[in-house]
Amino acid sequence: MVILKSLQEIEKMQKAGRIVAAVLEELRGLVRPGITTLYLDEHAEKIILAAGAKPAFKGYRGYPRTLCTSINNQVIHGIPSKDVTLRPGDILSIDVGAVMEGFYGDAAITVPVGKITAEAGRLIKVTEDALKIGIEKAVPGNRLFDISAAIQEHVEANGYAVVREFVGHGIGRSLHEDPQVPNFGERSKGPRLQAGMVLAIEPMVNMGGSATVVTEDNWTAVTADGSLSAHAEHTVAILEDGPLILTGQ
Ligand code: MF3
Ligand code: CO
């Protein structure tokens with residue numbers, strides 16, 4: 001069941017969203033070779049708590065940390081660790097959620113560590129652009145899979161593959177609500193989009209094939225073929241006059 005949000009509720013969600021955005025911008029500036037992913041995680045948790053919010057992922061189905069930090073061939077849900085040190089040339093996806101006054105915000109970015117290859121940079125750019133293009137379709141009267149198809153078409157036109165085993169989601173008083181928001185699908189299909197829907201749109205893009213495997217920690221998803229993967233996510237409210245990104249500034 002899709003839960004529509006009032007404008008007042010969307011304003012509350014924007015509070016959570018702005019905290020998430022602030023965390024990601026702060027972390028983007030901290031990322032460099034030699035630091036550990038646990039360092040980033042502890043920093044993120046401090047910012048969230050200082051803002052009067054709570055980390056959304058920590059404790060969710062037993063997830064142990066504030067961030068998901070996924071490097072190179074890791075697609076999503078990499079667990080921050082003191083044993084994982086960033087190296088020059090890595091690409092790092094940072095995914096973070098916060099809950100404030102009962103509402104959730106959820107967003108992700110993929111950032112370069114030191115100097116990366118042109119090809120890795122292009123993967124990140126295509127992923128960010130796919131997210132933007134998908135968000136543009138989040139208008140009342142469109143269908144859900146108009147978002148999905150726009151993302152898929154942009155990714156595949158650039159020679160990459162969208163992940164199918166993980167999808168975006170509705171978000172509100174829960175981190176995951178209906179509907180699921182796939183990054184593939186047919187235009188003009190799926191439920192009608194309405195003002196008051198809030199969606200976490202999150203393309204996961206692989207340089208090689210689309211298949212993924214969950215590793216032995218039961219969280220970290222990696223590409224089956226070992227290829228690089230990037231991730232970008234925003235929490236987006238659908239208003240009468242179009243999309244409002246809640247995890248922007
Ligand atoms: N952005 C991811 C999602 O929406 C992060 C969830 S991590 C978890 O599914 F630990 F909370 F599951
Ligand atoms: Co999400």
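Reader: What spacing do the donors of the cobalt ion (ligand 2) follow along the chain?
Author: The pattern is D-x62-H-x32-E-x30-E. Keep in mind that this is a predicted model.

Reader: Which protein donors are they, and at what distance from the ion?
Author: Asp106 (OD), His169 (NE2), Glu202 (OE) and Glu233 (OE). They lie 2.1 to 2.4 Å from the cobalt ion.

Reader: Is the site of the cobalt ion octahedral or irregular?
Author: Irregular. There are six donor atoms, with angles of 65 to 169° among them.

Reader: Switching to ligand 1. Where does it sit?
Author: Ligand 1 is in the largest pocket.

Reader: Which residues come nearest to ligand 1?
Author: Tyr63, Asp95, Asp106, His169 and His176, out of 13 around it.

Reader: What about its nitrogen and the side chain of Asp95?
Author: A nitrogen atom of ligand 1 lies 2.7 Å from an N or O atom of the Asp95 side chain.

Reader: And which side chains have an N or O atom by an oxygen of ligand 1?
Author: His169 has one at 2.7 Å. Glu202 has one at 3.4 Å.

Reader: How much of ligand 1 does the protein bury?
Author: 95% of the 330 Å² that ligand 1 exposes when taken alone.

Notes
Residues are numbered from 1 along each chain as its sequence is written. Chains are lettered from A and ligands numbered from 1 in the order in which they are written. This is a predicted model: local features need pLDDT of at least 70, side-chain atom pairs count only at pLDDT 80 or more; totals for chains, interfaces and linings use all residues. Side-chain values use heavy atoms; hydrogens and water are left out. A residue is near a molecule or strand if one of its heavy atoms lies within 4 Å of it. A polar contact is a pair of N or O atoms within 3.5 Å; within protein, one must be able to donate a hydrogen and the other to accept it, and residues adjacent in sequence count only if both atoms are side-chain atoms. Accessible areas come from the Shrake-Rupley method with a 1.4 Å probe; for residues, only the protein chains shown count as cover. On a 1 Å grid over the protein atoms alone, a cavity is a set of points where a 1.4 Å probe fits but cannot get out, and a pocket is an open set with protein on both sides within 12 Å along at least five of seven lines; lining residues have an atom within 4 Å of a point. A molecule sits in a cavity or pocket if more than half of its atoms lie within 2 Å of its grid points. Donors are N, O and S atoms within 2.8 Å of the metal (3.2 Å for Na, K and Ca); water is not among the atoms, so sites may look incomplete. Four donors count as tetrahedral if all angles lie between 85 and 135 degrees; four count as square planar and six as octahedral if opposite donors are over 155 degrees apart and all others between 65 and 115; anything else is irregular.
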